[in-house]
Number of protein chains: 2
Amino acid sequence: MKVIRTIEELRSELRERTRSGHEPVGLVPTMGYLHEGHASLMRKAREMTQTVVLSIFVNPIQFGPGEDYETYPRDEARDLELARAEGVDIVFIPTVEVMYPQPIKTKVSVADITSLLCGASRPGHFDGVTTVVSKLFHIVKPDYAFFGMKDAQQVAVIEQMVRDLSMDITIVPCPIVREADGLALSSRNVYLKPEERRQALVLSRSLQKAREAIASGQAETAGQIRQLLRDTISEAPLADIDYVEAAVFPELDPLQDEDKISDAEGRVLLALAVRFGRTRLIDNTLI
Amino acid sequence: MKVIRTIEELRSELRERTRSGHEPVGLVPTMGYLHEGHASLMRKAREMTQTVVLSIFVNPIQFGPGEDYETYPRDEARDLELARAEGVDIVFIPTVEVMYPQPIKTKVSVADITSLLCGASRPGHFDGVTTVVSKLFHIVKPDYAFFGMKDAQQVAVIEQMVRDLSMDITIVPCPIVREADGLALSSRNVYLKPEERRQALVLSRSLQKAREAIASGQAETAGQIRQLLRDTISEAPLADIDYVEAAVFPELDPLQDEDKISDAEGRVLLALAVRFGRTRLIDNTLI
């Protein structure tokens, strides 16, 4: 496994690998502090491609003022160990100076589907994501890029960008990975105090309850489902709801209260963001 | 020469050509109605690359409301003849439906250097340019892309985009091509009535006068040069000045009135946009 820190060296390494037939190329873009969710992306990439590139970059331009850019957890040594164990070929770890040698004037932005859910709570967040991801795509030129479905909106936004800009890349969304007790894996889980961690189970539990209520016919409309989710989450006294939404995926058109889940064309995303203390967690499920 | 109208066919043709060693790839992106200026780009591309792709696409999203999208001159048969004569390998002529099968939600935009000159007179214009150019870059994956310096700001904006987004493409700016009497070639010259065409010579003449005044020390400051340009252009009664500017290139920071041209770091762009009747013409020179 090669650890590479500059764009030039990465390009030359990738040229050599593709020249010697190590294609297709897969990219797993991450912010590091890797967990089993990231590992599942690397495994999928290992399965589908001949050159697996893992990028680790805590991207400042996707954090808003007052968000956790400074304190975002970092542990390079542990990340490299995990990447090695998963058979990654190249780890690309640029500094901020490598990625943004001068202040960046160019922005890639996706309209409409970024204006709700996490886009509403985190203005500018998705512009930062699409800009850095398109930059990583231009650097690595992957045939496949792997993203976790925990950030379902991110997957929808990136698929929209790839389609709109005719990028020759296949996006591979990978399922959410959970702890045994249901909590969706997130690098931010490390922030949780023990009692917050315990109460955070209400996220996956509420989604599970919603799935069951839909399956049994107990709840039919988007309004009923949103209410059920809110009621369940509110059982946890430390939970501070940011949003609870039911929307068509991947278009992300929110369903009206009276819309029946079963009438929606295609898949419906139930998505939620909830704060526990200073930690904002997200979770979702596709119906 | 192959004439290709779909993205899929273009990709497969380019894959074959690069597989058989016809690299590097050069792209000459145009809106058609080709003239000797475009021909000079094709010749440069022919000289530097093994696969020359000419794209012809009148891009609706770079025209503002009330601009000349509908009436922009088109002549495919003549364009193909010229491309063939210049030894182009592939002409890519997509329809609007091919380029924008659904309304595009993604935008590539460059801040700051798009807010003055043509960016000020044509709000949104450069967003349309950078978006379609980045799309063409993703489709063709050129090693080199060729742009005329008549649109000097466009060159600066695209170079900024390429640098900011780490696109692996070298931009090759090519000199302005002029008629024997000095008028910069433009597809829009065809709009000019005979008297407008005659008076339009004031553009190149004013730039020439400015160069001479700087060379002889007759004019030193940006304020004097702008005044000289304005005075000269105003000698043509049909000329309606949109802007007259002196700015550092390619950063496009405008010089202050009291700034000496000779003190500027690097090159100074003298740029102007002038309307004759309904036709807006641009011209510029680099000092």
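Predicted model: local features only at pLDDT ≥ 70, side-chain atom pairs only at ≥ 80, totals over all residues.
Local features need pLDDT of at least 70 and side-chain atom pairs pLDDT 80 or more, while totals for chains, interfaces and linings use all residues. Residues are numbered from 1 along each chain as its sequence is written, chains are lettered from A in the order in which they are written, and side-chain values use heavy atoms, without hydrogens and water.

**Stop 1: the interface**

Select the residues of each chain in contact with the other. You get 28 from chain B and 28 from chain A; contact means heavy atoms within 4.5 Å. The buried area is about 2,400 Å², and carbon and sulfur atoms give 45% of that. Buried area is the accessible area (1.4 Å probe) that two parts lose on being put together, summed over both.

Now look for polar pairs. The interface holds 19 residue pairs in polar contact, both residues at pLDDT 80 or more. A polar contact is a pair of N or O atoms within 3.5 Å; within protein, one must be able to donate a hydrogen and the other to accept it, and residues adjacent in sequence count only if both atoms are side-chain atoms.

Helices (H or I, at least four residues) and strands (E, at least two) are DSSP runs, numbered from the N terminus.

**Stop 2: salt bridges**

How many salt bridges link chain B and chain A? The count is four. A salt bridge is a side-chain nitrogen of Lys or Arg within 4 Å of a carboxyl oxygen of Asp or Glu. Show Lys141(B) and Asp168(A): their side chains form a salt bridge at 2.7 Å, N to O.

The whole structure has 38 salt bridges over all chains. Go next to Glu76(A) and Arg5(A), whose closest N and O atoms are 2.6 Å apart in a salt bridge. Glu76(A) sits in helix H3 (residues 76–85) and Arg5(A) in the loop between strand S1 (2–4) and H1 of chain A, so this pair ties together parts 71 residues apart in sequence.

**Stop 3**

Most residues other than glycine have a negative phi, and most peptide bonds are trans. Select Glu23(A) and Pro24(A): the peptide bond between them is cis, with omega near -5°. Pro24(A) is in the loop between H1 and strand S2 (25–30) of chain A. In chain B, a cis peptide bond joins Glu23(B) and Pro24(B), with omega about -5°.

Finish at Asp112(A). Its phi is near 70°, a positive value in a residue other than glycine. Asp112(A) lies in the loop between strand S5 (106–110) and helix H5 (118–121) of chain A.
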